[in-house]
Amino acid sequence: QVQLVESGGGFVQPGGSLRLSCASSISISIIETMGWYRQAPGKQRELVAEISRADETNYSDSAKGRFTISRDVSKNTMYLQMNSLEPDDTAVYYCKGLRKIFATRYEYWGQGTQVTISS
């Protein structure tokens, strides 16, 4: 069973920064796509950013210019550097991994890490 474990969440003031980490129990070199999602209270889970095995990245409009997704294959870890944080960024942030084995898709999710932005 693949495990994804997030860390790095916390409480920061508006304008601050946080770096989230997602550690995988398997080599991330065999995970097709990894991504960060978030869910605020009363809202649906939404994509924040994703990165492919080819290191192609995709960001939500709210994340562009402020967040940077990256991965370190040697550490089996994905990161999300978040700068210029705003109260609207408050949410539980989840790590997701997608594998494709022949015609079958496998999705893996972490348990989430809370990010709270408030003055």
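Residues are numbered from 1 along each chain as its sequence is written, and side-chain values use heavy atoms, with hydrogens and water left out. Because the model is predicted, local features need pLDDT of at least 70 and side-chain atom pairs count only at pLDDT 80 or more, whereas totals for chains, interfaces and linings use all residues.

**Glutamate 6.** Select glutamate 6 in strand E1, residues 4-7 (strands are DSSP runs of at least two residues, numbered from the N terminus). Glutamate 6 is buried and has no salt bridge (buried: under 20% relative accessible area; exposed: over 50%; partly exposed: in between; 1.4 Å probe, protein chains only; salt bridge: a side-chain nitrogen of Lys or Arg within 4 Å of a carboxyl oxygen of Asp or Glu). The nearest side chain of opposite charge, arginine 45, is 7.4 Å away (Lys and Arg count as positive, Asp and Glu as negative; His and the chain ends are not counted). Next, display the backbone nitrogens of cysteine 95 and glycine 112: a polar atom of the glutamate 6 side chain lies 2.8 Å from the former and 2.9 Å from the latter.

**Salt bridges.** The structure holds seven salt bridges. Select arginine 38 and glutamate 46, whose side chains meet at 2.8 Å, N to O. Arginine 38 is buried at 7% relative accessible area, while glutamate 46 is partly exposed at 36%.

Move to aspartate 55 and arginine 71, where the closest N and O atoms of the salt bridge are 2.6 Å apart. This pair links distant parts of the chain, 16 residues apart: aspartate 55 is in the loop between strands E5 (46-52) and E6 (57-59), and arginine 71 is in strand E7 (67-72).

Then select glutamate 107 and lysine 96, a salt bridge of 3.3 Å, N to O. Glutamate 107 belongs to strand E10 and lysine 96 to strand E9, 11 residues apart.

Most residues other than glycine have a negative phi. Select phenylalanine 102, which has a positive phi of about 55°. Phenylalanine 102 is in the loop between E9 and E10 and is exposed, with a relative accessible area of 84%.

Finally, select serine 84, whose phi is near 50°.

Methods
Helices (H or I, at least four residues) and strands (E, at least two) are DSSP runs, numbered from the N terminus. A polar contact is a pair of N or O atoms within 3.5 Å; within protein, one must be able to donate a hydrogen and the other to accept it, and residues adjacent in sequence count only if both atoms are side-chain atoms.
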